[in-house]
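Here is my note on this model. Please keep the structure open while reading.

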Amino acid sequence: MNTAKTTTTNNIKLLAIPLAAALVTLSASAGDAQPKNEYFGGNSNGVPAKGYTNYQGPPPKAINGVINKGAGAMDSDASPELTWFEKFDEISFHGRPNDSERIILNMPFNQEQERVQRWTQTAANVAKRYRLTAKTLKTVQAPAGRADLDDYRTLRMEWFNDAAAVYEEMIKPRQPAQTIEELNEQLRQVKEQANSLGKTNITLLNMDRNLRRTYRVHNAKQTDALTKYVTGTYKKN
């Protein structure tokens, strides 16, 4: 009985260093409008405070669909909205995990302390970058009369901050769980946060696509498959 009890206690402590041990899969797709390198999106309580007071001006003027570029084109006609989206895309893309980080965040621990430490350090780096990205996006003010773009920017800032908070929660120092029930409760809370963020992110991606259609702006060039194919930067599996 003593041997069994000791084994159970050790297993609990191992799983609790950190919570990430049971949540290593929290690095999956964010949707086809963004790099496929994370799992969750933003979950904000209440109405987020906007960093830029704006109003919604009239919709774009109708254009000739034959001679003008459409929203699905690889390039778009010059406009204040195009300039805003391209700056927004550049900041957002570089705020996300790179290929090496994605591999580490998806790698199983196999009860190896070295892998746990490497995962923890990577998660800390990604969380820090998320915070910095949200701060940088605050400076990307929408064109006058485009409150919808301002709202989207604010929500995406919340997304980065909330995603950072999940990683920070997973790696913060804590007392090891004393029982399986206590550990499972800790894991359940973090998983619920991540699942909620993932659902919110899907809504944000739909919002992104709708705004690009409205203002006839191309997809993010950093992730658009057509752009990568034409420019020779598309990675084959």
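1. Leaving aside its neighbours within four places in sequence, serine 92 is in contact (heavy atoms within 4.5 Å) with Thr133, Leu137 and Phe160. Serine 92 sits in helix α2. At 1% relative accessibility, serine 92 counts as buried; buried means under 20% relative accessible area, with a 1.4 Å probe and protein chains only.

2. A word on the basis. This is a predicted model, where local features need pLDDT of at least 70, side-chain atom pairs count only at pLDDT 80 or more, and totals for chains, interfaces and linings use all residues. Residues are numbered from 1 along each chain as its sequence is written, and side-chain values use heavy atoms, without hydrogens and water.

3. How do α2 and α4 cross? Their axes (lines fitted to C-alpha atoms over the stretch in contact, angles running from 0 to 180 degrees between N-to-C directions) come within 9 Å and cross at roughly 165°. That makes α2 roughly antiparallel to α4, a term for angles over 145 degrees.

4. Phe88, Ile91, Ser92 and His94 of α2 meet Arg129, Thr133, Thr136 and Leu137 of α4. These contact residues divide into 3 nonpolar, 4 polar and 1 charged.

5. Now the largest nonpolar core: buried Ala, Val, Leu, Ile, Met, Phe, Trp, Tyr and Cys residues joined through side-chain atoms within 4.5 Å. It has 34 residues; Trp84, Trp119, Tyr130, Leu137, Leu149, Tyr167 and Met170 touch the most other members. Helices α2 (80–94), α4 (113–137), α5 (147–171) and α6 (180–214) each supply at least two residues. With 11 residues, α5 gives the most.

Definitions and conventions. Buried < 20%, exposed > 50% of the residue type's maximum accessible area, 1.4 Å probe, protein only. Helix = DSSP H or I, 4+ residues; strand = E, 2+ residues; numbered from the N terminus. Parallel < 35°, antiparallel > 145°, perpendicular 65-115°, else oblique. Nonpolar A, V, L, I, M, F, W, Y, C, P; charged D, E, K, R; others polar.
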